Amino acid sequence: MYGQMMYQPLLVSSLLEHAANYHADTPIISKNTDGSMHHTDWAGISSRAKQCANFLKSLHLEQGDRIATLAWNNHRHIETWYAISGSGYVCHTINPRLFPEQLIYIIQDAQDKVLFFDQTFVPLINAIKKHIPNIELFICLDTYNESVKEALPETVFYEELIQSQSGHFDWPELDELCASSLCYTSGTTGNPKGVLYSHRSTLLHTFASCLPDSLNLSSKDIMLPVVPMFHVHAWGSPYVAAMMGCSLILPGSALDGDSLVQLIDQYKVTVSLGVPTIWQSLISSAKKLNSTLPSLNRNVVGGSACPPSMIETFKTDFNCDTIHAWGMTEASPLGTVNHLKGKHLNLSKTEQFNVRLSQGRPPFGIRIRLVDAENDNKPLSNNGIETGNLQIQGHWIVNRYYGQENIALTEDGWFDTGDIASMNQDGFLNISDRAKDLIKSGGEWISSVELENIAMAHPKIDMAAVIAAYHPRWDERPVVIAVKSTTGQITETELLEFYQDKIAKWQIPDKVIFVDAIPLSGTGKMLKRKLREDYGNTLI
Ligand code: AMP
């Protein structure tokens, strides 16, 4: 009696099928590790992904088995990634910048059976090989190479394996709730935890990420994902690009500012994604190379708070709109994105700029709330002032970590992000810190992010991290660890004076320590834990 719509499972393979069917000749260009460029298109990626899928089929693995990749952003990584998930296995993207013990831990925890890797990582694999007996097959993502074979004799070579395979393959019709990929959190406290994404969660996340108030993508875009594919799927870049039929420019291992400026200018990149530390070096390089990055009309910044000065520089010096987004591994990663709303269009430029500084608001599919964690998770009001623990729900949020028995949610079904934020009535979020990075001075909280943003706005500072240092009277006081820019000299007194009138006097840091470089995590975030270890006692 009742009518009904067609049911088709939401599958990762359908993204590639779509790109191959309707955007077949859209270029996918990758930088090889030797610096040369490789040109293909969505049709080429699709047919080689199918060759790879035929090869994987010959291994007689079981559906749901984990297959790991240890690779840069390049075309072979995209092919294997679609082949693995599309065939019903789980694509575990590994962050090569983790410590060897963490690598061993996650490869064992995931019980990966096959490892695809780029040549660069041979020494890394050799160092941990005897601890990962679960890996049955080591596949180098390249043509045959004598030196790789000598260094890691069990290696087989991707191009040799797939060359005899057919480019025809019918992607299986999987249950959309089954797992498609696995990423581990960066594990700044304790062991990394696995987040297992499903085909369905991935597809819904992809739809939401493409929208005008998210990444605002179209088939006209030429996208440069600087954020690595091992950092929460390059924030979904390979998926959204396939869904929209964007062109992809893949930077390989060359993530320095000069190389990125060259790629953007040569291939007329329109949109790029990365963490603030990447943009910092890109800005210096663009200025040095006299490039105004004319093709780049927007850049997506997330992973850490984007300093307001960076948003301003991108607009005034490069006519590029920064899209500030907040997310995390547990959120696939998209949680909130900053775009003006209709009602903001009548505001002055300065007022609009101020709206655009925050981490933005949730797309459909995500709900966020703030609670007072020290007071029974009592919900806080969205008045833009009250600050509390940020909790999240949605179609692409973790429910339970990989291999763990317990649900990772509060009793009433929310995931606690570990971030501290305020939120206004429209859901615009202002992240003030990770809960563990907040500074508690004499019982009052100070946001390290706010103090970092001020330091970063000083023209003679390139990078700044603010940490809590132990203090005999106030328990904790803020200390700035800063890297001077190459263009100027600055003293501790000058930087501390720069804080005057920008924040309350008691929040001004006690000390500045200048260093040559700030240690970064595997995903390019400032390693505050390490800084606290090194400088946490500097005021005692
Ligand atoms: P990860 O899972 O490694 O991507 O790290 C997620 C964490 O990065 C979040 O919980 C935040 O603490 C931080 N983060 C991500 N995006 C932002 C942002 N735009 N502003 C401030 N912190 C951010």
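Which domains each give at least three residues to the lining of the second largest pocket? They are domain 2 (333-436) and domain 3 (438-535). The model is predicted, so local features need pLDDT of at least 70 and side-chain atom pairs pLDDT of 80 or more, while totals for chains, interfaces and linings use all residues. Residues are numbered from 1 along each chain as its sequence is written, and side-chain values use heavy atoms, without hydrogens and water.

**View 1. The domains of the chain.** Domain 1 (14-208), domain 2 (333-436) and domain 3 (438-535) divide the chain; their bounds come from an automatic or database domain assignment. Taken over C-alpha atoms, the centres of domain 1 and domain 3 are 39 Å apart.

**View 2. The second largest pocket.** This pocket (on a 1 Å grid over the protein atoms alone, an open set of points where a 1.4 Å probe fits, with protein on both sides within 12 Å along at least five of seven lines) has a volume of about 980 Å³, the volume being the space filled by probe spheres set on the points. Its lining (residues with an atom within 4 Å of a point) comprises 40 residues, and Thr-387, Ser-422, Asn-430, Ile-431 and Ser-432 lie nearest the centre. Elements that give two or more residues to this lining include helix 13 (349-356), strand 20 (429-434) and helix 14 (448-456); helices (H or I, at least four residues) and strands (E, at least two) are DSSP runs numbered from the N terminus. The lining has 21 nonpolar, 16 polar and 3 charged residues, with Asp, Glu, Lys and Arg counted as charged, Ala, Val, Leu, Ile, Met, Phe, Trp, Tyr, Cys and Pro as nonpolar, and the others, Gly among them, as polar.

**View 3. A tilted aromatic pair.** Rings of Phe, Tyr and Trp (its six-membered ring) pair if their centres lie within 6.5 Å; planes under 30 degrees apart are stacked, over 60 edge-to-face and the rest tilted. The count by this rule is 9 aromatic pairs. One of them is the tilted pair of Trp-72 and Phe-121, with 5.1 Å between centres and 40 degrees between planes. Trp-72 lies in the loop between strand 3 (66-70) and helix 3 (75-87), and Phe-121, 49 residues apart from it, in the loop between strand 5 (114-117) and helix 5 (122-128). Both residues are buried (under 20% relative accessible area, 1.4 Å probe, protein chains only).

**View 4. Charges over rings.** A charge sits over a ring if NZ of Lys or CZ of Arg is within 6 Å of the ring centre and within 35 degrees of the ring normal. The charged end of Lys-502 is 3.7 Å from the ring centre of Phe-498, and Lys-193 lies over the face of Tyr-401 at 5.1 Å.

Note on methods:
Buried < 20%, exposed > 50% of the residue type's maximum accessible area, 1.4 Å probe, protein only.
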